[in-house]
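Good morning, colleagues. Please turn to the sequence and the structure that I am about to show.

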Amino acid sequence: FSKMGLCASSNPGAVKAADLVGLKRKDKLKIVFKHLDANGNGVLTLDEMMTMTSHLTTVEVKAIQNEFEELDKDRNYVLHEAEFISKHILIIKHKI
């Protein structure tokens with residue numbers, strides 16, 4: 001997540017690595033979700049996910065767009081916390 005700016009020290013509201021130490025993966029993902037949910041409405045839009053992309057390459061931005069589409073199982077153009085967390089936990093389990 002640090003590559004996407006979630007741990008960027010230049011942003012005072014950014015999630016810092018120290019904030020995540022000792023937490024379970026699900027709890028870490030909840031913190032990241034809340035950080036990305038800029039308006040606090042409990043869902044992520046693609047625009048909210050794209051707010052962290054100013055320093056990413058075109059390929060990396062496209063990867064975020066593709067990931068959003070994959071995570072949005074019900075195709076309502078928003079990600080609920082459960083969609084965000086469950087998919088990331090599955091990805092991690094398959095990599096192990």
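A word on the source. This is a predicted model, in which local features need pLDDT of at least 70 and side-chain atom pairs count only at pLDDT 80 or more, while totals for chains, interfaces and linings use all residues. Residues are numbered from 1 along each chain as its sequence is written, and side-chain values use heavy atoms, with hydrogens and water left out.

I turn to confidence. pLDDT is the predictor's confidence in each residue, from 0 to 100. Its mean over the protein chain is 79, and 79% of the residues reach 70 or more. Over residues 1-5, pLDDT stays under 50.

Next, the overall layout. The protein chain has five helices and two strands, in the order α-α-β-α-α-β-α along the sequence. These elements are DSSP runs numbered from the N terminus: helices are H or I with at least four residues, and strands are E with at least two. Of the 96 residues, 31% count as buried. A contact here means heavy atoms within 4.5 Å; among contacts between residues at least 6 apart in sequence, 44% join residues at least 24 apart.

Which residues touch the most other members of the largest nonpolar core? They are Leu 36, Leu 44, Met 49, Ile 64, Leu 79 and Phe 84, out of 16 residues in that core. The elements giving two or more residues to this core are α2 (25-36), α3 (46-50), α4 and α5 (81-95). By nonpolar core I mean a set of buried Ala, Val, Leu, Ile, Met, Phe, Trp, Tyr and Cys residues joined through side-chain atoms within 4.5 Å. In soluble globular proteins, nonpolar side chains tend to be buried together. Not counting residues up to four places away in sequence, Phe 84 touches Leu 29, Val 32, Phe 33, Leu 36, Leu 44, Leu 71 and Leu 79.

We return now to Lys 34. The structure holds one salt bridge, a term for a side-chain nitrogen of Lys or Arg within 4 Å of a carboxyl oxygen of Asp or Glu. Glu 81 forms this bridge with Lys 34, the closest N and O atoms being 3.5 Å apart. Because Glu 81 lies in helix α5 and Lys 34 in helix α2, the pair ties together parts that are 47 residues apart in sequence. Glu 81 is partly exposed, at 23% relative accessible area.

Finally, consider the loop between α4 (58-71) and β2 (79-80), where Arg 75 lies. Arg 75 has a positive phi of about 55° although it is not a glycine, and at 53% relative accessibility it counts as exposed. Tyr 77, in that loop, likewise has a positive phi, of about 65°, and is exposed at 66%. Asp 72 is buried yet has no salt bridge, and the nearest side chain of opposite charge, Arg 75, is 5.0 Å away; Lys and Arg count as positive and Asp and Glu as negative, with His and the chain ends not counted. Leaving aside neighbours within four places in sequence, Asp 72 is in contact with Tyr 77, Val 78, Leu 79 and Glu 83.

Technical notes:
Buried < 20%, exposed > 50% of the residue type's maximum accessible area, 1.4 Å probe, protein only.
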